[in-house]
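Have a go at each task before reading its solution.

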Amino acid sequence: MSAEPLLRCQGVTVRFGGVTALADVALDVRPGTITSVIGPNGAGKTTLLGAITGMVRPASGAVALSGRDITARPAHARARAGIVRTFQNLEVFTNMTVLENVMTGCHRHVRYSALAALLRTPRYRREEQRCRAHAMDRLAFVGLDDLAQAPAGDLAFGQQRALELARAIAADPALLLLDEPAAGLNMAETRALGALIRRIRDDLGVTVVLVEHDMDLVMTISDEIMVLNHGCNLALGTPQQIQKNPEVVRAYLGDDDL
Ligand SMILES: Nc1ncnc2c1ncn2[C@@H]1O[C@H](COP(=O)(O)OP(=O)(O)O)[C@@H](O)[C@H]1O
Ligand SMILES: [Mg+2]
């Protein structure tokens, strides 16, 4: 066996009223990989991300991070443990500057009290400076440092997507969950996004779980792919294995909607 998985989901079942969104789903994510989760709309991909972050409570099953069971831990505790996600819809604070948006991602590491912030103590100012420098570094990483002082609402759609990534990596995640980051991007932007996600893995050492419909992107950058179908595991393998899997080909890869 290879190294212990960074993330292990076992037997995860999630119900919303009468709908079973996930049924006995398993997922292992090896450290340092990009692992993609694909499947048609309604397959349960976003729900799985919710079960990993703690926003969705499974009826049964277990989630472990680095071998530690986190099933009972609330979302904020998992975020502190290094699980960070982006959302399917843009979540940019349009009335704040680009830099301020990224600084909100630093909070996992900021060490001062609300009172210290109110009184602007030396410790608060020091931490604030550190956070600002870190946020600038992340903006440079995604190529938005020139726009640091611009209102975030002025950015083009593709730049706002990159801004979300900058904010996510400002938290120095161990595990970064991306929910359809290429949605709404053109081909050139999607290629740039793929290169950026790779650099997040290679240069920052972040393990990535990617939910994505763009098959070119998924097949290009994934180390491993898990296919969900109606809330169930359908297949697991490398891009080559998934592309050749007759069941997957029959169910999805011929489908333009995927
Ligand atoms: N909060 C919710 N309340 C009720 N049903 C939900 C909720 N979230 C998701 N579902 C249902 O669970 C199933 C899986 O949804 P989702 O995880 O969003 O799929 P995907 O991201 O793969 O498109 C769908 O049938 C969806 O309608
Ligand atoms: Mg979804």
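The exercises below look at a predicted model, and each comes with a worked solution.

**Exercise 1. Find where the largest pocket lies in relation to domain 1 and domain 2.**

Solution. Start with the middle of the pocket: Ala 79, Val 84, Arg 85, Phe 87 and His 107 are the lining residues nearest its centre. Next, look at who supplies the lining. Domain 1 (1-82 + 173-196 + 207-258) gives residues to it, and so does domain 2 (87-172), so the pocket lies between the two domains.

**Exercise 2. Describe the largest pocket by its volume, its lining residues and their classes.**

Solution. First, the volume is about 530 Å³. Second, 21 residues make up the lining. Third, sort these residues by class: nine are nonpolar, six are polar and six are charged.

**Exercise 3. Which helix gives the most residues to the lining of the largest pocket?**

Solution. Begin with the elements that each supply at least two lining residues: helix 2 (75-80), strand 6 (83-85) and helix 6 (157-170). Of the helices, helix 2 gives the most, with four residues.

**Exercise 4. Work out how helix 5 and helix 6 are arranged.**

Solution. Take helix 5, residues 122-142, and compare its axis with that of helix 6: the two come within 9 Å and cross at roughly 135°. Finally, the handedness of the crossing is right-handed.

**Exercise 5. Characterise the largest cavity by its space, its lining and its place between domains.**

Solution. One cavity of 30 Å³ or more is present in the structure. The largest cavity holds about 50 Å³ of space. Its lining consists of Thr 86, Arg 161, Glu 164, Leu 165, Leu 178, Pro 181 and Leu 193. By class, that is four nonpolar, one polar and two charged residues. Helix 6 gives the most to this lining, with three residues. Since domain 1 and domain 2 both give residues to the lining, the largest cavity lies between them.

How values were computed: Residues are numbered from 1 along each chain as its sequence is written. Chains are lettered from A and ligands numbered from 1 in the order in which they are written. This is a predicted model: local features need pLDDT of at least 70, side-chain atom pairs count only at pLDDT 80 or more; totals for chains, interfaces and linings use all residues. Side-chain values use heavy atoms; hydrogens and water are left out. On a 1 Å grid over the protein atoms alone, a cavity is a set of points where a 1.4 Å probe fits but cannot get out, and a pocket is an open set with protein on both sides within 12 Å along at least five of seven lines; lining residues have an atom within 4 Å of a point. Grid points are joined across faces, edges and corners, and a volume is the space filled by probe spheres set on the points. Ala, Val, Leu, Ile, Met, Phe, Trp, Tyr, Cys and Pro count as nonpolar, Asp, Glu, Lys and Arg as charged, and the others, Gly among them, as polar. Domain bounds come from an automatic or database domain assignment. Axes are lines fitted to C-alpha atoms, for helices over the stretch in contact, and angles run from 0 to 180 degrees between N-to-C directions. A crossing is left-handed if the near helix is turned anticlockwise from the far one by less than a right angle, and right-handed if clockwise.
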